[in-house]
Amino acid sequence: MTMPATKDRPEVGPIAFIDLKAQQAQIRERVEARLMAVLDHGRYIAGPEIEELETLLAEKVGAKHCVACSSGTDALIIPMMAMGLNRGDAVFLPAFTYNATANAVIIAGGVPVFCDVDPDGFNIDPEDLKARIIEAKAHGLTPRAVCAVDLFGVPAPYAALRSICEEEGLALLGDAAQSFGGQQARNEDWAWVGSLAPITATSFFPGKALGGYGDGGAIFTDDDETNEVCQSIRWHGTDAARAESVRVGLNGRMASFQAAVLLEKAAIFWDELEARRRVAAIYDEGLKGLAAPQAIPSGTRSGYGYYTVSLDDRDHVREKLGEAGVPTAVYYKTPLHRMKAFAPYPPYGPLPNCEAASSRVLSLPMHPYLTDEQARFVVEAFAAAVA
Ligand SMILES: Cc1ncc(COP(=O)(O)O)c(C=O)c1O
């Protein structure tokens, strides 16, 4: 079959994997005004934008507290430091994720214990987690926490994870770097990412669904003590008066400029989420029978940080899509337990679903400024590529 190409279909226009330029065109003036306001008040650190952003985001996601941080990685490290991990304390995480999740565990003093994922949804598999907890104990580790990851935007199975954590006395942290805007059913309503786990860390890296113009992140929690300790660690471990160190901390603060940008991005985020869902619906419908889209359990809604499918001849299809003018990405070609940095933490047994996912996943263009026509073009090109 002949491949369609965007160049042969000028009405489709070039397709971006993530389109930050189109987004900037919507908000440029308002962002400039916000940045000017920071220049005027001159509080580049801890300016009023930080509290405004924290209040806005906490309210939006339904969490009591939001702690704005310098990156998504710091948003993971800080609550893990707050847990006071000791030598030999195990933190369980999926091996199919970005390296930052495991780096955070190690930097905070924990031992990462890699778990397998659900073969269709790519998030941590609660049954495998239970088995790894037993193994970790048998190897002399002390289970302390689970760091679940909401891969590609789909919230992890928090209900099951909560009950395991409660039974085992473990802390539960959600790595929501990719899932801001995701939801899970709760009491006849939909609860937002940020309120699904006792502690949630998200990232505002520019390419994320809610991204700044630089690095940024946030921690969400309902727990007053966790909030207080995270605030302290974010500011070098100082007390509330920022006079003395009461614990070891770091510089994990978000800059006022970044909060200024994020306030304007947050103002359009929920409309953008609807647009992401519109694109996803076109993909879901059009790709039926062509590839397996990431499984989204009932009672869960993706934030569509990415739209990812799984297929046998991934690399061939990727090449064909590229020729047709459809950019794609592979997250992640190598699961963490295969990476050199994490060799000192070999998993307790094989991780077949992580291995399979890394050779099968392909992420398609996903952003709110894709037109219906472009989304349908992606589907057409995909159909031609797999034919
Ligand atoms: C799953 C996951 N965790 C953590 C991070 C780290 O976030 P940041 O880049 O903001 O430090 C990322 C960023 O890509 C991520 O995808």
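Analyst: Happy to! Strands (E, at least two residues) and helices (H or I, at least four) are DSSP runs, numbered from the N terminus. This is a predicted model, in which local features need pLDDT of at least 70 and side-chain atom pairs count only at pLDDT 80 or more, while totals for chains, interfaces and linings use all residues. Residues are numbered from 1 along each chain as its sequence is written, and side-chain values use heavy atoms, with hydrogens and water left out.

User: Great. Which residue stands opposite Ala-171 in β5?

Analyst: That is Ala-145. Its strand, β4, pairs with β5 (residues 171-175) in the parallel sense, over five bridges.

User: And what is the bridge partner of Val-91 in β4?

Analyst: Ala-145 again: Val-91 has Ala-145 as its bridge partner in β4. Strand β2 (residues 89-94) runs parallel to β4, and four bridges join them.

User: How many residues of β4 are buried?

Analyst: Strand β4 covers residues 142-149, and six of its eight residues are buried, so the strand is mostly covered. Buried here stands for under 20% relative accessible area, exposed for over 50%, and partly exposed for anything in between, using a 1.4 Å probe and protein chains only.

User: Different sheet now. In what order do β10, β12 and β13 sit?

Analyst: The order is β10-β12-β13, three strands in an open sheet with antiparallel pairing. At the edges are β10 (292-293) and β13 (361-364), each pairing on one side only.

User: How many bridges join β12 to β13?

Analyst: Four bridges, with β12 taking in residues 307-310 and running antiparallel to β13. You can pick out Val-309 opposite Leu-362, and Ser-310 with Val-361 as its bridge partner.

User: Which way do the residues of β13 point?

Analyst: Val-361 and Ser-363 point one way, Leu-362 and Leu-364 point the other way, and all of them are buried. In general, side chains of a regular strand alternate between the two faces of the sheet.

User: Switching to helices. Where does Ala-102 lie?

Analyst: Ala-102 lies in helix α4, which spans residues 99-107.

User: Why does Ala-102 count as buried?

Analyst: Ala-102 counts as buried because its relative accessibility is 0%. Apart from neighbours within four places in sequence, Ala-102 is in contact (heavy atoms within 4.5 Å) with Leu-93, Phe-114, Leu-336 and Phe-342. As for Arg-253, 151 residues away along the chain, its C-alpha atom is 21 Å from that of Ala-102.

User: What about Val-379, buried or exposed?

Analyst: Val-379 is buried, with a relative accessible area of 12%. This valine is in helix α11 (residues 372-386). Setting aside neighbours within four places in sequence, Val-379 touches Ile-282, Tyr-283, Gly-286 and Leu-287.

User: Zooming out, into which domains is the chain divided?

Analyst: Domain 1 is 6-21 + 267-386 and domain 2 is 26-265, with bounds from an automatic or database domain assignment. Their centres, taken over C-alpha atoms, are 24 Å apart. The contact between them takes 45 residues from domain 1 and 52 residues from domain 2.

User: Last topic, holes inside. How many cavities of 30 Å³ or more are there?

Analyst: The count is two. A cavity is a set of points, on a 1 Å grid over the protein atoms alone, where a 1.4 Å probe fits but cannot get out, and lining residues have an atom within 4 Å of a point. Points are joined across faces, edges and corners, and the volume is the space filled by probe spheres set on them. The largest cavity has a volume of about 80 Å³. It is lined by 15 residues, and the closest to its centre are Ile-18, Leu-20, Gln-23, Arg-276 and Pro-368.

User: Why does the largest cavity lie between the domains?

Analyst: Because domain 1 and domain 2 both give residues to its lining. Helices α1 (20-41) and α8 (256-286) each supply at least two lining residues, and the largest share, three residues, comes from α8.

User: And what lines the second largest cavity?

Analyst: The second largest cavity holds about 30 Å³ of space. Its lining includes Ala-176, Phe-180, Thr-202, Lys-208 and Leu-210.

Notes:
Two strands pair if DSSP finds at least two bridges between them. On a 1 Å grid over the protein atoms alone, a cavity is a set of points where a 1.4 Å probe fits but cannot get out, and a pocket is an open set with protein on both sides within 12 Å along at least five of seven lines; lining residues have an atom within 4 Å of a point.
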